[in-house]
Amino acid sequence: MHIRKNQRNLTSAEKKRFVTTVLELKRQGRYDEFVRQHVQYYRTDGDAGLRAAHMAPSFLPWHRKYLLEFERALQRIDPKVTVPYWDWTTDNTPAASLWSEDFLGGDGRSSDGQVTTGAFAYGAGNWTINDGVLERKFLVRAFGRPTSPIALPTKDELAWAMDESVYDAAPWDSTAPRGFRNRLEGWTAGSDRTRWRNHNRVHRWVGGQMLGATAPHDPVFWLHHAFVDLLWDRWQKKHPKATYLPQRRLGGDDPQRGQAISVDEPMPPWRTKPSEMLSHRSLYRYDA
Amino acid sequence: MPPPPSSRSRRLFLRAAFALGAIGGTAAALLPVLRADPREAGPPPTEAAGPPAEPAEPIERAELFDEMYGGRHIQGTDAGVRIDGRPLHVMRRADGSYLSVVNHYESFPTALATARAAVDDLGGAQLSLAGPASH
Ligand SMILES: [Cu+2]
């Protein structure tokens with residue numbers, strides 16, 4: 001049983017352990033396999049076919065399993081490593097220790113967005129990005145979208161998702177009018193500055209690779225999704241009678257049949273079912 | 001396995017372009033060249049239960065564009081969206097809006113808005129000529 005900690009409570013030795021292990025996974029070539037997997041399973045709801053990872057009820061269990069696989073890969077290198085989480089409602093400025101030189105490094109520079117501090121800076125020599133999407137090879141961030149500034153999600157905004165008593169709702173996609181999943185994932189309406197809520201807004205706020213298909217190129221991806229994973233726990237505690245939905249395989253006349261995954265259907269690529277991911281308590285715990 | 005990126009992007013764009021004409025105020029204001037090929041149209045977009053900004057109505061035309069934006073040459077052609085001649089992979093949402101490979105966590109009402117947003121977020125970087133392997 002291992003513990004995932006709030007990144008703000010990590011000791012400098014724990015930060016170093018995490019960073020060193022991530023760099024080793026990258027050196028081995030395994031890290032980029034995780035990035036490719038995320039790209040591969042990002043299918044949008046305007047397209048036909050199964051949506052396992054995003055814009056779908058299985059957004060939460062899919063990412064739980066994905067993070068677990070990533071964490072296991074780290075632990076094969078160093079059994080003591082765990083993925084920390086970033087509570088972006090609290091550590092919500094570029095001054096947070098998360099972004100310091102000894103952990104993830106800071107914002108990108110204004111000229112080209114390049115991150116120049118910390119172990120993931122291109123100049124440090126251990127974090128080259130080569131994925132066929134863009135020609136640039138360096139990690140990029142643009143905190144708060146300087147061209148049209150936005151803030152990280154607030155506690156109130158998160159509460160708006162956490163207060164929702166239903167897990168998900170038809171049509172089980174990014175247009176679902178209610179449901180915790182879509183409110184947390186963040187595909188909801190509003191003005192330009194507010195409409196990308198919670199999970200999506202955090203990707204938007206960090207910018208650079210975190211905003212695109214290859215978001216896991218930025219190691220903060222894992223800390224962000226670990227917090228999303230913890231939020232699912234908190235939501236379950238707050239709504240003990242709520243269940244994952246849909247509970248049954250969608251009927252033959254449902255337009256989402258074959259696209260949205262019900263609780264006992266397998267999620268690619270692992271064939272794990274959402275029902276196997278509803279609790280992580282036998283695998284790991286959070287410090288909060 | 002998905003089909004090769006070029007044909008897939010093209011197919012997606014054509015389907016997207018067909019459904020699009022509908023979507024937008026901004027697109028209409030820019031006087032896009034209009035064309036139609038109903039054979040390329042996919043199934044009708046899912047009724048948007050969420051609150052998309054613009055009403056969707058069936059209309060048989062597509063938005064094509066060709067302009068300089070932020071110092072970059074952006075084009076919407078029937079072969080897809082391009083920035084400085086390089087393919088920008090775009091995907092559709094059920095409400096008819098678009099995402100691009102550069103912006104996967106927000107969406108835009110038109111292909112043109114998607115291309116402009118990508119320029120804003122590229123920070124001067126060039127898209128790869130090959131396009132993303134898995135898209
Ligand atoms: Cu995410």
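The model is predicted, so local features need pLDDT of at least 70 and side-chain atom pairs count only at pLDDT 80 or more, while totals for chains, interfaces and linings use all residues. Residues are numbered from 1 along each chain as its sequence is written, chains are lettered from A and ligands numbered from 1 in the order in which they are written, and side-chain values use heavy atoms, with hydrogens and water left out.

Start at the metal. The copper ion is held by A:His199, A:His203 and A:His225, each through NE2, at 1.9 to 2.1 Å. Donors here are N, O and S atoms within 2.8 Å of the metal (3.2 Å for Na, K and Ca); water is not among the atoms, so sites may look incomplete. Along the chain, the donors follow the spacing H-x3-H-x21-H.

Helix H6 of chain A (residues 198–206) carries both A:His199 and A:His203, 4 residues apart, about one turn of the helix. Helices (H or I, at least four residues) and strands (E, at least two) are DSSP runs, numbered from the N terminus. A:His199 is buried, at 0% relative accessible area. A:His203 is buried too, also at 0%. Buried means under 20% relative accessible area, exposed over 50%, partly exposed in between (1.4 Å probe, protein chains only).

Now turn to chain B. Strands S2 (residues 72–77) and S3 (residues 80–83) pair antiparallel over 4 bridges; pairing requires at least two bridges found by DSSP. A hairpin through 2 residues links S2(B) to S3(B). B:Thr77 has B:Gly80 as its bridge partner.

S3(B) also runs antiparallel to S4(B) (residues 86–88), joined by 3 bridges. There, B:Arg82 stands opposite B:Pro87. This hairpin has 2 residues between its strands, and B:Asp84 in the turn has a positive phi of about 50 degrees.
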